Amino acid sequence: MAQARQSQPRHAATHRHAATPRRTALKTLLLSALAAAGLSTGLAQAADDWPSKPIKIIVPYTPGGSTDIVTRIVMEKLGPRLKQTIIVENRPGANSSVGSAIAAKSDPDGYTFLSMLPAYIINFHLYKLTYTPADLTPVVQMADLPLFLFVAEDLPVKTVADLVAYGRKNPDKLTYASSGNGSSAHLTGADFALQNKLTMTHVAYKGSAPILTDLLGGRVSMVFDPILVPMQYVKQNRLKALAFTGKERWPTEPGIPTMEEVGMPGFVTGSWAGLMAPAGTPKPIIERMAREIAEIVKEPDVKQKFVDAGFLPVSGTTAQFAELMKTDSARYAEIIKQAGITVN
């Protein structure tokens, strides 16, 4: 009897031991749920107190470029509105993917944002990246950066129709420049060739300065580029501006027709600048940033600075920016496919 009484506790102990993993699993799930709830609560509290420290805006390009200029104009106004310091940090490299990767891996606490161009969405169709579209979320568009079609002065054309006729008569003679494989200028040039059934050679450069040098020297035929630098050479009769890719004519250059006006319906394209945030950034912070920036770009002095630098201010919403990115991603993917564009 004594042995029977002793065996019962041992048997019961065996069952208690066997139940431990299940209890541990339940405990782990409970702790995970509590941690997630705590994180959500922490983020909500952080949103209420935001901003309580300096905000960093990553620009994935070198200082002085289009994205950098737009960002600094806007952030100069945003700092006082938020009563906080805003730091613009340039992290160039790999067609914007270096800076984008840094932003994608940042804490979603509302203190790191990414200022970007269409290259951000184009990269997903051309490169293997260390981040995905789900790692960053749209905040708001800040500006449109429409492009002009500039051609070398010695090219025997005066209109877009002349250029197309010349290209068809001289296959393989036309070259078009861009600041890099996968840039919006690259894909705009490729789209122009596709729509006009032209054979053109793409020449990728490292930056705008060497493009201008070769365009002035006649070593490259054409480029789709913002107005700021090349237009001064048009005024000196050293370059020609044939058309504009915007929906309406540029305010300071009313004599230059749009691409649609010269016989290319739907050819409204170009670049733009917008703000992204790490996925998971509290919605109230994103909404506040979008609202403040939409108001800033409507200010008369900001609008004038934008136009002087070759940009058009855009006062929109997060949803509108997300839709633009979705539409442009599909459009660029189709151009890449039809043109057979690849990168090494």
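**Figure 1. Helix H7 and the largest pocket of the predicted model.** Of the elements around the largest pocket, H7 contributes the most to its lining, with five residues. Please keep in mind that this is a predicted model. The pocket has a volume of about 1,200 Å³, and 47 residues line it.

**Figure 2. The buried residues of H7 and what covers them.** Which residues of H7 are buried? They are Ile211, Leu212, Asp214 and Leu215. Their cover includes strand E5 (148-152), strand E6 (175-178), E8, helix H8 (230-235) and strand E9 (239-244). Just past the end of H7 comes glycine 218, with a positive phi of about 75°.

**Figure 3. The second largest pocket.** Here the volume is about 300 Å³. The lining of the second largest pocket has 21 residues, and Asp144, Gly246, Lys247, Val268 and Thr269 are the closest to its centre. Strand E4 (136-146), strand E10 (270-278) and helix H11 (318-339) each supply two or more residues to this lining. Which of them gives the most to the lining of the second largest pocket? That is E4, with four residues. Sorted by class, the lining divides into nine nonpolar, six polar and six charged residues.

**Figure 4. Helix H10, with its buried residues on one face.** In H10 (residues 300-309), Val302, Phe306, Val307 and Ala309 are buried. Seen down the helix axis, these buried residues of H10 fall within an arc of 165°, so they line one face of the helix. As a reminder, an α-helix has 3.6 residues a turn, so residues three or four places apart point the same way. Pro300 and Asp308 are exposed, and they sit on the face of H10 turned away from its buried side. The buried residues of H10 are covered by elements that include H2, E4, helix H9 (283-296) and strand E11 (312-313). Glycine 310 follows H10 and has a positive phi, near 95°.

**Figure 5. Methionine 222 in the largest nonpolar core.** This core has 45 residues, and those with the most contacts inside it are Tyr120, Leu149, Leu163, Phe192 and Met222. H11 provides the largest share of the core, five residues. Which residues does methionine 222 contact, leaving aside its neighbours within four places in sequence? The list is Leu149, Phe150, Val151, Leu163, Thr175, Tyr176, Ala177, Phe192, Met200 and Leu215. Another core, of 36 residues, lies apart from the largest one, and its members include Ile73, Ala119, Ala143 and Phe311.

Figure 6. The peptide bond from tryptophan 50 to proline 51 is cis, with omega near -5°. Proline 51 belongs to the loop between helix H1 (2-49) and strand E1 (55-59). In the loop between strand E2 (86-90) and helix H3 (97-104) you will find asparagine 95, a residue other than glycine whose phi is positive, near 55°. Lysine 197 is not a glycine either, yet it has a positive phi of about 55°. Where is lysine 197 found? Look in the loop between H6 and strand E7 (201-204). Lysine 197 has a relative accessible area of 70%, and because the cut-off for exposed is over 50%, this residue counts as exposed.

**Figure 7. The protein chain as a whole, for orientation.** The chain has 11 helices and 11 strands. Of its 344 residues, 48% count as buried. Among contacts in the chain with a separation of 6 or more, 77% are between residues 24 or more positions apart.

Definitions and conventions: Residues are numbered from 1 along each chain as its sequence is written. This is a predicted model: local features need pLDDT of at least 70, side-chain atom pairs count only at pLDDT 80 or more; totals for chains, interfaces and linings use all residues. Side-chain values use heavy atoms; hydrogens and water are left out. On a 1 Å grid over the protein atoms alone, a cavity is a set of points where a 1.4 Å probe fits but cannot get out, and a pocket is an open set with protein on both sides within 12 Å along at least five of seven lines; lining residues have an atom within 4 Å of a point. Grid points are joined across faces, edges and corners, and a volume is the space filled by probe spheres set on the points. Ala, Val, Leu, Ile, Met, Phe, Trp, Tyr, Cys and Pro count as nonpolar, Asp, Glu, Lys and Arg as charged, and the others, Gly among them, as polar. Buried means under 20% relative accessible area, exposed over 50%, partly exposed in between (1.4 Å probe, protein chains only). The arc is that of the directions from the helix axis to the C-beta atoms. Contact means heavy atoms within 4.5 Å. A nonpolar core is a set of buried Ala, Val, Leu, Ile, Met, Phe, Trp, Tyr and Cys residues joined through side-chain atoms within 4.5 Å.
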